[in-house]
Amino acid sequence: AYENYYSTIKTTSERNKGYEIAIADYTKSLELKQMKFESLTARKDLYVKMERYKEAIDELNLCIKEFDFTFFYRVELGETYLKWKKYAEAIKQFSELLEGNDDELENSREEILGFRADAYKGLGKKAEWCKDKKAIDGDFDCSKEWRK
């Protein structure tokens, strides 16, 4: 309820105050060993919304350790590193996913390549960025798009 109510508030500081209340409730739920999956996931989502990426990454690593949906959490881990502009860590995460043999990979390959391409672009690595973009779309014009 806190999260939903405060997400409608326009000022970041007021919204974050409400999110802190929600985080405290999720933390209490975890201390009481109730709704572990829901609480960890919701708390992680709030950390991302608040751009508290270190905490979000810690939560994602806990989710990977605790739950079955590790492929999706690992994709989200890479996305969080990307948002945090920790490009090398994002590339490592996405590369490990692409090299794996997870059943979910085939449905997500292009999306993961796109994320990794964004990380390469963040590091200014045109050749690697172009390779991933071409793997997604063979007709991609790297020279034209790099300038954008």
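**Figure 1. Lys44 is buried, at a relative accessible area of 2%, and takes part in salt bridges with Asp45 and Glu76.** The structure shown is a predicted model, in which local features need pLDDT of at least 70 and side-chain atom pairs count only at pLDDT 80 or more, while totals for chains, interfaces and linings use all residues. Residues are numbered from 1 along each chain as its sequence is written, and side-chain values use heavy atoms, with hydrogens and water left out. A residue is called buried under 20% relative accessible area, exposed over 50% and partly exposed in between (1.4 Å probe, protein chains only). A salt bridge is a side-chain nitrogen of Lys or Arg within 4 Å of a carboxyl oxygen of Asp or Glu. Between Asp45 and Lys44, the closest N and O atoms are 2.6 Å apart. Asp45 is partly exposed, with a relative accessible area of 29%. For Glu76 and Lys44, the closest N and O atoms are 2.7 Å apart. This second pair links distant parts of the chain, since Glu76 lies in helix H5 (residues 70-83) and Lys44 in helix H3 (residues 36-49), 32 residues apart. Helices (H or I, at least four residues) and strands (E, at least two) are DSSP runs, numbered from the N terminus. Glu76 is partly exposed, at a relative accessible area of 22%.

**Figure 2. Arg116 and Asp132 form a salt bridge.** The closest N and O atoms of Arg116 and Asp132 are 2.7 Å apart. The pair links distant parts of the chain: Arg116 belongs to helix H7 and Asp132 to helix H8, 16 residues apart. Arg116 is buried, with a relative accessible area of 14%, and Asp132 is also buried, with a value of 3%. Elsewhere, salt bridges that share partners join Glu20, Arg52 and Glu55 into one network. The whole structure holds 12 salt bridges.

**Figure 3. Cys130 and Cys142 form a disulfide.** A disulfide is a covalent bond between the sulfur atoms of two cysteines. Here the term is applied to a pair of cysteine sulfur atoms within 2.5 Å, and the count by this rule comes to 1. The sulfur atoms of Cys130 and Cys142 are 1.8 Å apart. The torsion about their S-S bond is about 85°, so the disulfide is right-handed. The pair links distant parts of the chain, with Cys130 in helix H8 (residues 126-136) and Cys142 in helix H9 (residues 142-147), 12 residues apart. Cys130 is buried, with a relative accessible area of 17%, and Cys142 is buried at 8%.

**Figure 4. Aromatic rings pair in the structure, which holds 6 aromatic pairs.** Phe94 and Phe115 form a stacked pair, 5.5 Å centre to centre with 20° between the planes. Phe94 lies in helix H6 (residues 87-99) and Phe115 in helix H7 (residues 105-122), so the pair ties together parts that are 21 residues apart in sequence. Rings of Phe, Tyr and Trp (its six-membered ring) pair if their centres lie within 6.5 Å; planes under 30 degrees apart count as stacked, over 60 as edge-to-face and the rest as tilted. Phe94 is buried, at 0% relative accessibility, and Phe115 is buried at 15%. Ring pairs also link Trp129, Phe140 and Trp146 into a cluster.

**Figure 5. The charged end of Lys86 sits over the ring of Trp84.** The charged end lies 4.7 Å from the centre of the ring. A charge is said to sit over a ring if NZ of Lys or CZ of Arg is within 6 Å of the ring centre and within 35 degrees of the ring normal.

**Figure 6. Ile64 lies in helix H4 (residues 53-66).** Ile64 is partly exposed, at 21% relative accessibility. Not counting residues up to four places away in sequence, Ile64 touches Thr70, Tyr73, Arg74 and Leu77, where contact means heavy atoms within 4.5 Å. Ile64 and Ile112 are 48 residues apart in sequence and 18 Å apart in space, C-alpha to C-alpha.
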